[in-house]
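Visitor: I'd like to learn how to read salt bridges in a protein model. Could you walk me through some?

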Amino acid sequence: MSRLCHSLLWAALLASPAAAQNLDSLLARMTLEEKLGQLNLLSANGRASPEQMQLVRAGKLGGLFNVIGAENTTPVQRIAVTESRLKIPLLFGLDVIHGYRTIFPIPLAEAGTFDPEVAEATARAAGAEAAAAGINWTYAPMVDIARDPRWGRIAEGSGEDPYLGSLMAAARVRGFQQSIFATVKHFAGYGAAEAGREYNETEISERTMREIYLPPFKAAVDAGVASVMSAFNDIAGVPSSGNAWLTDTVLRREWGFKGFVVSDWTSVAELMQHGIAGSQAEAGRRALTAGVDMDMQSGIYIDALAALVRSNRIPMAVVDTAVMHVLRAKLYLGLFRDPYRARPQPASAELRALARRAANESIVLLKNDRGLLPLAKTATIAVIGPLADSKEEPLGPWHTQGQAQDVVTVLQGIRSRASGVQVVYAQGAGVEDTSTAGFAAAVAAAKRANVAVLVLGERGDMSGEAASRSSLGLPGVQQQLLEAVAATGTPVVLVLMNGRPLIVEWASDHVPAILETWFLGVEAGNAIADVLFGDVNPSGRLPVTFPRVLGQVPIYYNHRNTGRPYDANNKFTSKYIDVPNTPRYPFGFGLSYTTLAYSDLKLSAPRARVTDTVTATVTVANTGKREGTEVVQLYVRDEVASVSPRVRELKAFQRVTLKPGESRAVSLRVAVRDLWFIGLDMKPVVEPGTFHVYVGPNSAEGLETSFECIP
Ligand code: BGC
């Protein structure tokens with residue numbers, strides 16, 4: 001179904017008098033308990049418990065999540081649609097974040113493809129696989145902008161940029177919603193947790209909220225997302241799960257959201273810990289009246305709200321509105337006519353091929369001195385490190401039904417690729433080991449080889465939820481292992497596996513080649529081997545800035561200029577005395593096995609009105625010896641505005657594949673109206689004046705030109 005069709009259908013259905021009438025009459029027949037039951041969502045443990053089945057029978061449950069397999073969803077659905085009084089079907093939710101059984105790259109990695117089509121394809125595939133297992137609702141995409149790599153959930157989103165994040169959000173919603181409902185989460189500002197500490201408070205101005213944190217949610221809503229999950233964090237003291245400004249003013253009134261809002265796991269009950277509610281009932285009242293329709297896992301709506309409604313402290317209309325949001329969604333999903341939704345299992349070969357393609361495109365080449373990569377297929381290769389032969393870790397966080405047995409490790413990938421090469425393997429150490437006992441074998445392996453591939457980084461569960469880190473180096477003794485192997489003199493290729501930017505200063509200075517591979521899922525080893533041997537030329541770009549030292553965090557490319565912009569030679573400018581302001585690797589950065597040159601940047605017009613579109617054209621030439629894919633990036637800087645502008649903002653990009661020697665004029669379009677910021681009156685505005693346009697390979701380089709925006 002096309003994008004347009006999708007949102008049109010949703011609108012048509014909601015407008016359809018017949019459907020609306022049916023739901024109205026259903027609502028009229030519901031008891032208060034049955035209404036609150038539709039707003040009650042509980043987690044199962046693989047299958048529904050007898051108590052949960054009883055709740056379904058009694059009409060006191062609107063949905064279940066973590067019921068695994070159609071053999072387990074079907075019997076509970078049967079109870080709902082045959083044994084409950086009103087026969088209202090259940091939603092079956094699950095965190096299908098980057099795959100159901102076939103695990104694709106983590107979302108952060110996939111954002112680095114700068115290829116929304118790939119994100120849409122993997123979401124579609126994951127949705128189809130989940131649908132075949134009885135799931136009809138995923139808790140994805142997670143679209144929280146994150147500027148602090150200490151925060152473990154940075155792995156689940158698209159990084160630091162609202163434009164890239166918005167395209168990825170919309171793509172994933174479209175992909176999932178080919179077969180199941182999507183949930184955009186966590187609304188909102190969760191990624192701004194102070195000090196990167198999980199569940200921490202946030203301080204986000206309304207301007208930053210609207211310019212940075214909200215756009216991906218808006219993009220998901222515009223793409224027709226069915227549900228929105230409220231976040232755990234508070235924003236300047238107002239928790240997101242009881243925040244009427246977010247879930248009512250912005251989401252419903254400004255954006256016209258027609259789906260339903262679900263809380264995060266016990267986030268309704270947590271309003272008591274936040275200290276804004278003194279009782280369960282008050283927590284429930286606060287959340288429901290703020291616009292949180294469905295209560296995940298607190299059980300408060302069903303247990304504590306009926307009395308408040310009966311005593312008129314919560315108007316029945318508030319309950320009815322929430323119930324209608326849920327019922328309409330169920331109707332729209334087709335659950336009333338097809339509650340079991342038996343769906344075919346997608347072909348495994350296709351899923352694996354897609355996983356490999358997505359993984360190929362996600363890999364970022366950070367460094368490649370003297371063309372160490374790609375490797376010759378005739379060498380002796382030492383494969384070393386705690387992650388080199390790990391089947392579990394490439395699955396990354398939130399891998400739901402993913403299985404270690406499905407994973408191709410780096411060692412396996414290299415072995416199966418390179419029939420002419422000799423491979424020697426040594427683990428060296430575990431991810432968080434304190435012992436160096438395995439170093440001798442690793443060093444010996446490196447000495448026997450022409451090149452050492454070291455696979456280092458984090459365990460999959462060191463990012464994701466509840467996985468904040470206070471340091472960003474390689475855990476355990478891995479740094480020492482790297483130095484010991486490098487000291488052999490055998491050239492080292494560092495393959496990083498991690499769910500967040502790491503601080504890799506020593507490696508960046510001393511190791512000739514570095515690949516950032518994040519967590520690539522089941523095809524990790526094949527995809528990495530493809531790149532190591534040059535069968536695939538890396539084309540991934542960083543969706544997030546890599547700091548030099550932890551003290552630079554939060555560090556991101558789209559910052560403001562300050563009144564004293566950085567000047568290395570002037571002490572009294574905005575800087576540190578012990579480290580440059582620049583990152584180690586900027587947003588958008590990534591190398592290729594070929595070289596590219598930019599020239600001839602031109603704009604379609606020197607002046608433009610707000611209603612116009614400006615086209616930038618640049619010539620990109622492949623000046624190297626291999627075919628390669630460049631991500632041509634366009635950034636804009638508003639020169640003078642009533643609010644201090646950001647130094648650069650990504651506004652367009654395009655992946656372009658060029659043969660050796662080929663050069664091409666690449667055009668990138670920017671609608672002037674998209675150059676808005678939140679003005680002094682807190683409304684979006686594009687002000688007339690000069691806009692600088694930069695087109696190049698990343699956020700720190702590029703050719704520059706400008707145009708005038710005229711009134
Ligand atoms: C997470 C959500 C997730 C939910 C259900 C929560 O702890 O924050 O992202 O969807 O659990 O598993």
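Guide: Let's go through the salt bridges in this predicted model.

Visitor: How many salt bridges does the structure hold?

Guide: There are 40 of them. To spot one, look for a side-chain nitrogen of Lys or Arg within 4 Å of a carboxyl oxygen of Asp or Glu. Take R174 and E120: their closest N and O atoms are 3.0 Å apart, so the pair counts.

Visitor: Where in the chain do R174 and E120 sit?

Guide: R174 belongs to helix α8 (residues 162-176) and E120 to helix α7 (residues 116-132). They are 54 residues apart, so this bridge links distant parts of the chain.

Visitor: Are R174 and E120 buried or exposed?

Guide: Both R174 and E120 are buried.

Visitor: Which residue does R646 meet in a salt bridge?

Guide: That's E211, at 2.6 Å from N to O. This pair also links distant parts of the chain: R646 lies in the loop between β20 (628-638) and β21 (649-658), while E211 is in helix α9 (residues 206-213), 435 residues away. R646 and E211 are buried too.

Visitor: What about K367 and D369, buried or partly exposed?

Guide: They form a salt bridge with closest N and O atoms 3.7 Å apart. Buried means under 20% relative accessible area, so K367, at 11%, counts as buried. D369 has 33%, so it is partly exposed.

Visitor: Which residues do shared partners join into one network?

Guide: Look at R356, K377, R417, D530 and D535: salt bridges that share partners join them into one network.

Methods: Residues are numbered from 1 along each chain as its sequence is written. This is a predicted model: local features need pLDDT of at least 70, side-chain atom pairs count only at pLDDT 80 or more; totals for chains, interfaces and linings use all residues. Side-chain values use heavy atoms; hydrogens and water are left out. Helices (H or I, at least four residues) and strands (E, at least two) are DSSP runs, numbered from the N terminus. Buried means under 20% relative accessible area, exposed over 50%, partly exposed in between (1.4 Å probe, protein chains only).
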